[in-house]
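Please look through the model below with me.

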Amino acid sequence: MMNFAKFGNELYSGKRSFDIVGNRRRWFAIGIGLIILSGLLVGIRGINPGIEFRGGSEFTVSGTSNPDPQLAHDALAEVNSEQVARVSTVGSSAIRVQTEELTDAETGELADLLAEAYDVPTGDVTSSFVGPSWGADVTSKAVQGLVIFLVLVTLVMALYFRRWSMAIAALIALLHDLIVTIGLYSGVGFEVTPASVIGFLTILGYSLYDTVVVFDKVRENTEGVLDQTRYTYAEAANLAVNQTLVRSINTSVVGLLPVASILFVGAFLLGAGTLRDIALALFIGMLFSTLSSVFIATPMEVVLRQRDPKIAAHTAKVLDLRDRRVAEAEEVGLTADEVLAEARAGGLVAGRHLGQGAQPRRKTKR
């Protein structure tokens with residue numbers, strides 16, 4: 001098996017390259033398919049709002065030796081037969097029961113019935129009420145923060161990279177990540193809670209960070225691209241994606257492993273809703289943020305950038321010269337691959353290794 005470091009060096013130098021930008025239509029089709037799938041999941045299964053957003057009463061039964069959900073359903077049926085309880089297990093000895101809004105009398109009666117059904121003291125059954133207005137405030141603030149975030153991101157990236165195409169491409173990739181994350185989260189069926197909303201907002205920063213790293217390399221590689229005829233803008237951008245590919249893989253693996261551990265512990269061991277909700281949102285978002293920074297953001301930036309007449313003319317000029325060189329090479333017996341290898345966009349763009357002669361010399365004492 002090839003050494004991973006050697007693999008990364010070959011990608012960085014251009015000796016080995018994946019044509020990610022050249023196959024951009026394939027990646028765009030996959031991205032659009034994921035967005036459509038996410039929309040279908042939300043439309044068919046719907047978003048499952050937590051009690052913080054829909055409002056209602058919540059009961060927690062601790063220390064039970066028989067966490068049978070049916071006991072909670074039977075207890076609620078005695079108090080209010082028109083309601084259906086949402087029952088979930090918390091750990092191995094606790095039950096969480098959520099209902100619609102109950103009166104004070106119904107709340108006290110249900111707490112006593114739950115204590116009797118699960119054979120625990122009345123003090124081990126706690127109850128609370130959450131009004132729907134609190135969830136509405138959280139939703140309003142989250143949407144407001146999202147809009148402000150997107151506007152500031154667009155302005156900052158346009159100023160930092162001095163290219164509107166990078167700002168728009170990053171915004172498209174970011175929206176792709178958000179839509180896919182919400183769709184797949186909805187498909188799993190977990191409740192949307194304040195913790196999951198925090199997870200959705202957190203992945204925006206992660207997606208942006210990953211994209212900025214790749215775009216910084218794209219800007220470095222394409223600096224002065226119009227002053228040469230060896231390679232096109234798209235080829236220089238593709239080299240940048242390959243050069244940052246190993247870094248993207250390493251960062252995503254390091255980030256996903258602890259999140260996956262939290263998701264496993266929260267979902268299967270502790271049954272803790274908060275850990276489970278935020279971990280699932282982060283896991284999906286971080287995974288697709290890494291993929292979109294490679295397969296969506298940079299190819300989309302190239303598409304937007306090629307609308308520039310100067311870039312389009314330069315691309316046509318490079319390809320025309322390359323075709324002529326191939327034709328001339330074939331006349332003298334050379335293969336097209338040999339000619340194209342010389343025209344490949346490669347080499348260390350920043351910090352070229354100049355050899356030992358370029359190293360600072362130690363001063364000798366006289």
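Q: Which residue in β3 stands opposite Phe 59?
A: This is a predicted model, in which local features need pLDDT of at least 70 and side-chain atom pairs count only at pLDDT 80 or more, while totals for chains, interfaces and linings use all residues. Residues are numbered from 1 along each chain as its sequence is written, and side-chain values use heavy atoms, with hydrogens and water left out. Strands β1 (residues 56-62) and β3 (residues 94-99) pair in the antiparallel sense over six bridges, where strands are DSSP runs of E with at least two residues, helices are runs of H or I with at least four, and pairing requires at least two DSSP bridges. The residue opposite Phe 59 in β3 is Val 97.

Q: In what order do the four strands form the open sheet?
A: The edge strands, each pairing on one side only, are β2 (86-90) and β4 (125-130). The pairing is antiparallel, and the order is β2-β3-β1-β4.

Q: Which strands does helix α5 touch as it packs on the sheet?
A: Helix α5 spans residues 104-117, and its direction makes about 25 degrees with that of β1; such angles run from 0 to 180 degrees between N-to-C directions of lines fitted to C-alpha atoms, for helices over the stretch in contact. With contact meaning heavy atoms within 4.5 Å, the strands touched are β1, β3 and β4.

Q: How far apart are the end C-alpha atoms of residues 27-47?
A: The unreviewed UniProt entry annotates "transmembrane region" over several stretches, including residues 27-47, although such annotations may be inferred rather than shown by experiment. Over residues 27-47 the chain is 90% helix and 0% strand, and the separation of the end C-alpha atoms is 27 Å.

Q: Is Thr 211 buried or exposed?
A: Thr 211 lies in helix α8 and, leaving aside neighbours within four places in sequence, is in contact with Ala 170, Ser 293 and Ala 297. Buried means under 20% relative accessible area, exposed over 50% and partly exposed in between, using a 1.4 Å probe and protein chains only. Because its relative accessible area is 1%, Thr 211 is buried.
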